[in-house]
There are 2 protein chains.
Amino acid sequence: MKLILVSNDDGYMAKGVRELMAMLAPYGEVIAVCPDKGRSGQSMALTFDAPLRIKEEKSPVPGTKLYSCSGTPVDCVKISYYSVLNGRKPDLVVAGINHGSNASVNVLYSGTMGAVQEGCTWGIPSIGFSLTSHDPDADFSAIKPIVDVLIPELLERGLPQGTFINVNVPAGFADVPISVCRECKAHWSEEYKEYTDPFGGKFYMLAGHMVNDEPESTDTDLYALSQGHASLVFEALDRTDPSAPKVI
Amino acid sequence: MKLILVSNDDGYMAKGVRELMAMLAPYGEVIAVCPDKGRSGQSMALTFDAPLRIKEEKSPVPGTKLYSCSGTPVDCVKISYYSVLNGRKPDLVVAGINHGSNASVNVLYSGTMGAVQEGCTWGIPSIGFSLTSHDPDADFSAIKPIVDVLIPELLERGLPQGTFINVNVPAGFADVPISVCRECKAHWSEEYKEYTDPFGGKFYMLAGHMVNDEPESTDTDLYALSQGHASLVFEALDRTDPSAPKVI
């Protein structure tokens, strides 16, 4: 039986990961190791200066196992091999279903996509799923047919070494075609709100919104989502710029 | 006068950033915004659920300014624009000098390189410097001639949008040639040590070491470092895999 390791960044209590476990259960032995609390925006952050703890939780899906871990999503993937997996290497790492989009530059900041990239560094085919809704009780059902297409394919054929997949699904659509895209160029416009604490000190909190830097392009993930399609981007672990000069 | 924003992940007290500020001072107005404590391994993690504070510290270099921030390296870059820079956009973001290598896959986990990538998302030419020594009192002097070559060039010519630079310098060499390289394929072999706390609970701490997955290649950053050269890798913000299929 294939071994599927699941993680996320919204924490083990999130609806998204629980729905994902149910969708994956028909395809193998499902073991989820998720942060013990929300760890969104943790990117590939890891913990090397503090103890990590893992605890078995009541799994919502019969035949699967669910653990919480006190670390980041990357920690969850890293430590699973040495603890709950007892040295077994997963056949697949699946992260999500994220509550909120990880399209475009969000892949850089996302803890869910951090877990996916960590799986990729281990040479394991790795994929992340996100829904473009932050609703804690969002309807994830449109993702099931996409899982049913992609997961058997990945388990059978794998992925090239160093390639991982980022799937984003628009919320509010029932029947969602999949578009293979490239990552859209975009940036976050940060708008920090300034506050004064009760003792006169200043502090800031992050607001902000994503700005599409190429709104005319029709081959990007943001465009696909705007058309009610799921976006699928093959992403590279290797950061070397393929168009970079070879000398300085 | 050119505006140079500096950050790091070892915190504002680290020798590496203080030496870097002195090296950069001849080239423009230097403003450093660094974490208020060590934030290594924070990747592009950001803080959106907690207040951020910024405090001016005594700068070690006349004519420059130094601030500590309660967030991650990415937070430091993001918030600087809205606080200490008063809406001025830097001409250059420089991060480091990191105490320890950020070559190969370390670029994924490094908070210092997270700050560089954040600068790149803002469309600012951005570069990170690292020395392959974790010694808090390491000798950074071999990096000065490299800074003197690269910084005037970057200030004059910039970088293509979406490209950033990762420079690593081997410790213990006096005269260090620069090799333009690609990122070496490598992975971390994690070796968690298991402990038992005073109450019988288990916890883990991360150890581990990096394994070079292509030790025969001579065009990689890890090879350059092994030869006593500084490695310079042009890296891409866009994660789309250039060799990926266009359909599934």
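**Strands and their partners**

Modeller: Gladly! Let's start with a pair: Val180(B) has Leu232(B), in strand 13 of chain B, as its bridge partner. Please keep in mind that this is a predicted model, in which local features need pLDDT of at least 70 and side-chain atom pairs count only at pLDDT 80 or more, while totals for chains, interfaces and linings use all residues. Residues are numbered from 1 along each chain as its sequence is written, and chains are lettered from A and ligands numbered from 1 in the order in which they are written.

Colleague: What makes strand 8 and strand 13 of chain B a pair?

Modeller: Strands are DSSP runs of E with at least two residues, helices are runs of H or I with at least four, and both are numbered from the N terminus. Two strands pair if DSSP finds at least two bridges between them. Strand 8 and strand 13 (residues 230-236) of chain B have 4 bridges, in the parallel sense, so they meet that cut-off of at least two.

Colleague: Why is strand 8 of chain B called an edge strand?

Modeller: The open sheet of chain B has 9 strands in the order 3-4-2-1-5-6-7-13-8, with mixed pairing. Strand 8 and strand 3 (54-57) of chain B each pair on one side only, and that makes them the edge strands. On average, neighbouring strands of this sheet are turned by 25 degrees against each other, direction ignored. For such angles, axes are lines fitted to C-alpha atoms (for helices over the stretch in contact), and the angles run from 0 to 180 degrees between N-to-C directions.

Colleague: Why is Cys69(B) called buried?

Modeller: A residue is buried if 20 or more other C-beta atoms lie within 10 Å of its own, exposed if 12 or fewer, and partly exposed in between, with C-beta atoms placed from the backbone. Cys69(B) has 27 other C-beta atoms within 10 Å, so it counts as buried.

Colleague: Where does Cys69(B) sit, and what does it touch?

Modeller: Cys69(B) belongs to strand 4 (residues 65-69) of chain B, and Ile54(B) stands opposite Cys69(B). Strand 3 and strand 4 of chain B pair in the antiparallel sense over 4 bridges. Contact means that two C-beta atoms, placed from the backbone, lie within 7 Å.

Colleague: Why is helix 1 of chain A called largely enclosed?

Modeller: Of the 10 residues of helix 1 (residues 15-24) of chain A, 8 are buried, so the rest of the structure largely encloses it. Among the buried ones are Val17(A), Leu20(A) and Met23(A). The cover includes strand 1 (3-7), strand 2 (29-35) and helix 5 (144-157) of chain A.

Colleague: What makes the two copies related as by a two-fold axis?

Modeller: Two copies of a chain are related by a rotation about an axis and a shift along it. Chain B can be laid on chain A with an RMSD of 0.0 Å by a turn of 180 degrees and a shift of 0.0 Å along the axis. The two copies are therefore related as by a two-fold rotation axis. The superposition is by least squares on C-alpha atoms of residues with pLDDT of at least 70 in both.

Colleague: How do you know that the copies meet through the same surface?

Modeller: 100% of the interface residues of chain B are also interface residues in chain A, so the surface is the same. Each chain gives 54 residues to the contact. On the side of chain B, strand 13 supplies the largest share, 5 residues.
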